[in-house]
Amino acid sequence: MIDKIKNYIAEVEKFSASSQEEIENFRIKFLGKKGILNHFFAEFKNVPNESKKEFGQTINQLKNAAQDKVNQLKEELESKLEEKGVYGDLTRTGESIEIGARHPISIVKNQIIEIFSNIGFNVSEGPEMEDDWHNFTALNLPEYHPARDMQDTFFIQTDPDILLRTHTSSVQVRYMEDNKPPIRTISPGRVFRNEAISARSHCIFHQVEGLYIDKDVSFADLKQTLLYFTKQLFGKSKIRLRPSYFPFTEPSAEIDIYWGLENETDYRITKGTGWLEIGGCGMVDPNVLKNCNIDPKEYSGFAFGMGIERIAMLLYQIGDIRMFYENDIRFLEQFKSSI
Ligand code: PHE
């Protein structure tokens, strides 16, 4: 009889089930009222005295094994059902995930950052809401200076003036205030000007400005840096610096690149000249250095600035600046293959 019980123990240990019904049938078979265990317990009185101890121990083993098995199987089944509740059917085919695209402004901005970081420029950022000092006064544009009108300004508050920055030169002022030369930094960011919106200009756009300050920095350094940049970004190797005026640089220049006159589009975008203006630059005015606690007798530097939209329009042949802000999926999707 003891061997019989041992066989049952082996059967119990091997048993597995995948449904509640199977587990219940198993429970009834062993632990039910008319089950195997009760049958053996009833036999107990007929067992000779000398075997009672071993017999008792073995049925207890069977009882425990059967109970443990039922509990274990129940738990397993429950956790399986729970998983299904959380994840649904795990064998179902997945939903396809649409790959997004970076905004063309971000793509071009990242390219510019990459090009300048290769020659040791870091990236600096500042607030879009500025005070008068950082946007104007420190940049050699004192109150009532007529050049303030070059950039129509959105004021948030007057007296003291708080405004939306009209250029990222404000970030350069902050950077010079906080860091000692040598300085090599580019400041990409959003700027705001109170201008009528058209295909060519918008009241919100992006700029990247660069600043290089060290001992003996010359205009030749400026020109070579810009040449390197235009070669890298546009693959064009001819630039010219046309004399201009900015209050914060002296001398100042407009940066033109030679785009070429190979096809009709080239004629159209360069108005038949082959040249395209992409930004402004110059040697940092000594007054600006002084305003930022840098000694102009010891240090000199150059600065440049350009519009990211304008560059993106050239690179991707986009005809209307407003497209950047309409968030039209049909437009944005076209940049999927870019970085
Ligand atoms: N801040 C100027 C602008 O927004 C661009 C510029 C930057 C010009 C640095 C010269 C030097 O128009």
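1. A residue is called buried under 20% relative accessible area, exposed over 50% and partly exposed in between, with a 1.4 Å probe and protein chains only. Because its relative accessibility is 53%, Tyr-87 counts as exposed.

2. The structure is a predicted model, in which local features need pLDDT of at least 70 and side-chain atom pairs count only at pLDDT 80 or more, while totals for chains, interfaces and linings use all residues. Residues are numbered from 1 along each chain as its sequence is written, and side-chain values use heavy atoms, with hydrogens and water left out.

3. Tyr-87 belongs to helix H4, which covers residues 49-87; helices here are DSSP runs of H or I with at least four residues, strands are runs of E with at least two, and both are numbered from the N terminus.

4. The domain assignment, whose bounds come from an automatic or database source, gives domain 1 as 2-87 and domain 2 as 104-335. Between the C-alpha centres of domain 1 and domain 2 there is a distance of 81 Å.

5. Strand S6, residues 204-214, is largely enclosed by the rest of the structure, because nine of its eleven residues are buried.

6. Strand S6 pairs with two strands, where pairing requires that DSSP finds at least two bridges between them. Strand S5 (residues 183-192) runs antiparallel to S6 and is joined to it by ten bridges, with Ser-187 standing opposite Glu-209 in S6. Strand S10 (residues 300-307) is likewise antiparallel to S6, through eight bridges, and here Gly-210 stands opposite Phe-304 in S10.
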